[in-house]
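I opened the notebook to record what I looked up in this structure. The entries follow in the order I made them.

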Amino acid sequence: MTLRNTIAALSILAFGIPVQAVTDREMEQAKAIAAQAYLRYANDGSGYLDDFKASSMSELEGKLKTKEKENIKAFKSVKIPSDYASWDKTKLIEFWSVTFFTSPNLAEKGKIAKSRVKSRISAMTISEAPAQDTKEEKPAPEPKPATPAETEDVVPADDAMPSAEQAIEKQEEILADQNAIAEDAQAREVKRDNGNTIWYVIALVLLIACVAALVVFAVKVMKKQSNALESDGYGENHSSGTSPEILAALKSAEKDNNRLIESIEKLRAENVSLKRENEKLRLELEKIRSCQPAPTRERRGARPEESAKAPAATNSQKMPNVIYLGRANAKGLFVRADRKLVVGSSVFILDTRDGLVGTFHVIDIPEVVDMALDHPLEYLAGGCMTKDIEDTEGASSIITENSGTAIFEDGCWKVLRKSKIRYE
């Protein structure tokens, strides 16, 4: 093969491989995706963003409420590289799902959105880079007359997405939310174990300090008594019986010293015993957590009044499948779960078939509805979403449009998907 043929072959290979290049529009779309996911996790009351897909920052900012307008300031303060026109899709995903969220200006809660950002930007289509100009220009093809089919409006890619792809996207978002909740729960468990270890160390240090103080006190007492004897001139002949009073004082001091030593030994033994008992209790607690049975079933559709009157389940009976849950906190964890309605604490009622996954909605009784409407952020925001969850003025009832979904993990129920409600 001649040199000219080799160069021609390499040129064909080089220009035959499509090269991706991020356009301004695609960069703006990726930025809007990252901003929407960040705002959703940074504020628990931003559920209204779930059903909205922004393609640009201006479109997104037009939908934001007061809290999100404050949070987006930190997002926009992060510097964006200007050379993104040379990026491919891999570099675009890496920046928005990894590099961008390392900024210290961002809220820690908002950084949980990394997995959702990665999945949504991965579904984007990146344009190919324009081909380089060649020396020989080919004549432009003659324009063909447009057919009626070509003149019709083109449906945007997002609107034309088949229902199966939409279901897959929603499932990926649920899995991303579940992974984020699991990571938060694991971090909280590690932090709690570290806190317990610190308290054990502090208790041990205090105990050692007490023992050392007692020893120093005993040495000082003995030295003081010895000095007193020497100053009275009885240092050499006190054992001969010439001074019974001093001999009695020495015996008393010796007894006190022995009692002090015995007390120190008892304290050491008690310290060892307490450490062993603490370790035993910790192991038993871990065993109980790992073997904790899931809730069994109760008659489906039972009313709160019927559940409250039902007899307590025996060991041979299955637990009910209706569970009364308290409010959900900022991490999506329900703060309590009861088998009976607890007025003043119960907010949601959960129905489960297997004790592992279930659906929940707000309990429809006047006491719970009035409590939730008076304090919507405290009792509803963690498990519900609506257009404006704080605007309860004039409302007297809560209508559940779609029940929420919860999962039982690590001994507690967690929110997978919030319940959709409206006020009336």
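**Entry: a salt-bridge network**

I began with a network of salt bridges that links Glu401, Arg422 and Glu424. The model is predicted, so I treat every value here as computed from it. I looked up the bridge between Arg422 and Glu424, and their closest N and O atoms are 2.8 Å apart. Arg422 has 33% relative accessibility and counts as partly exposed. Glu424 has 44% and also counts as partly exposed.

**Entry: Ile421**

Next I went to Ile421, which sits in strand E9 (residues 419-423). Is Ile421 buried or exposed? Its relative accessibility is 2%, so I noted Ile421 as buried, the cut-off being under 20%. I then listed what Ile421 touches, leaving out residues up to four places away in sequence. The list reads Leu380, Cys384, Met385, Thr386, Ile398, Ile399, Thr400 and Glu401. Ile421 and Ile399 are 22 residues apart in sequence, and their C-alpha atoms are 5.5 Å apart in space.

**Entry: Asp410**

I looked up the backbone of Asp410. Its phi is near 50 degrees, a positive value in a residue other than glycine. Where does Asp410 lie? I found Asp410 in the loop between strand E7 (404-409) and strand E8 (412-417). At 69% relative accessibility, Asp410 counts as exposed.

**Entry: other salt bridges**

How many salt bridges does the structure hold? I recorded 12. I looked at two more of them.

One joins the side chains of Asp50 and Arg40, at 2.7 Å from N to O. This pair links distant parts of the chain. Asp50 is in the loop between helix H2 (24-42) and helix H3 (57-61), Arg40 is in helix H2, and the two are 10 residues apart. Arg40 has 13% relative accessibility, which is under 20%, so I wrote Arg40 down as buried.

The other joins Arg268 and Glu265, with the closest N and O atoms 3.4 Å apart. Both residues lie in helix H9 (residues 244-290). They are 3 residues apart, about one turn of the helix. Arg268 counts as partly exposed at 45% relative accessibility. Glu265 counts as partly exposed at 42%.

**Entry: H2 against H6**

I went back to H2 and looked up how it packs. The axes of H2 and helix H6 (residues 114-122) come within 9 Å and cross at roughly 150 degrees. That angle is over 145 degrees, so H2 is roughly antiparallel to H6. The crossing of H2 past H6 is right-handed. From H2, the contact uses Ala30, Ile33, Ala34, Gln36, Ala37, Arg40 and Tyr41. From H6, it uses Arg116, Val117, Arg120 and Ile121. By class, I noted 7 nonpolar, 1 polar and 3 charged residues in the contact of H2 with H6.

**Entry: H2 against H4**

The axes of H2 and H4 come within 10 Å and cross at roughly 125 degrees. I recorded H2 as oblique to H4. H2 passes H4 in a right-handed crossing. On the H2 side I listed Lys31, Ala34, Ala35, Tyr38, Leu39 and Ala42. They meet Glu68, Asn71, Ile72, Ala74 and Phe75 of H4. The contact of H2 with H4 has 8 nonpolar, 1 polar and 2 charged residues.

**Entry: Ser103**

I looked up Ser103 in the loop between helix H5 (89-99) and H6. Ser103 has 10% relative accessibility and counts as buried. Leaving out residues up to four places away in sequence, Ser103 touches Val78 and Lys111.

**Entry: the whole chain**

Last, I took down the totals. The chain has 12 helices and 9 strands. Of its 424 residues, 32% are buried. I also looked up contacts between residues at least 6 apart in sequence, and 62% of these join residues at least 24 apart.

Key
Residues are numbered from 1 along each chain as its sequence is written. This is a predicted model: local features need pLDDT of at least 70, side-chain atom pairs count only at pLDDT 80 or more; totals for chains, interfaces and linings use all residues. Side-chain values use heavy atoms; hydrogens and water are left out. A salt bridge is a side-chain nitrogen of Lys or Arg within 4 Å of a carboxyl oxygen of Asp or Glu. Helices (H or I, at least four residues) and strands (E, at least two) are DSSP runs, numbered from the N terminus. Buried means under 20% relative accessible area, exposed over 50%, partly exposed in between (1.4 Å probe, protein chains only). Axes are lines fitted to C-alpha atoms, for helices over the stretch in contact, and angles run from 0 to 180 degrees between N-to-C directions. Angles under 35 degrees count as roughly parallel, over 145 as roughly antiparallel, 65 to 115 as roughly perpendicular and the rest as oblique. A crossing is left-handed if the near helix is turned anticlockwise from the far one by less than a right angle, and right-handed if clockwise. Contact means heavy atoms within 4.5 Å. Ala, Val, Leu, Ile, Met, Phe, Trp, Tyr, Cys and Pro count as nonpolar, Asp, Glu, Lys and Arg as charged, and the others, Gly among them, as polar.
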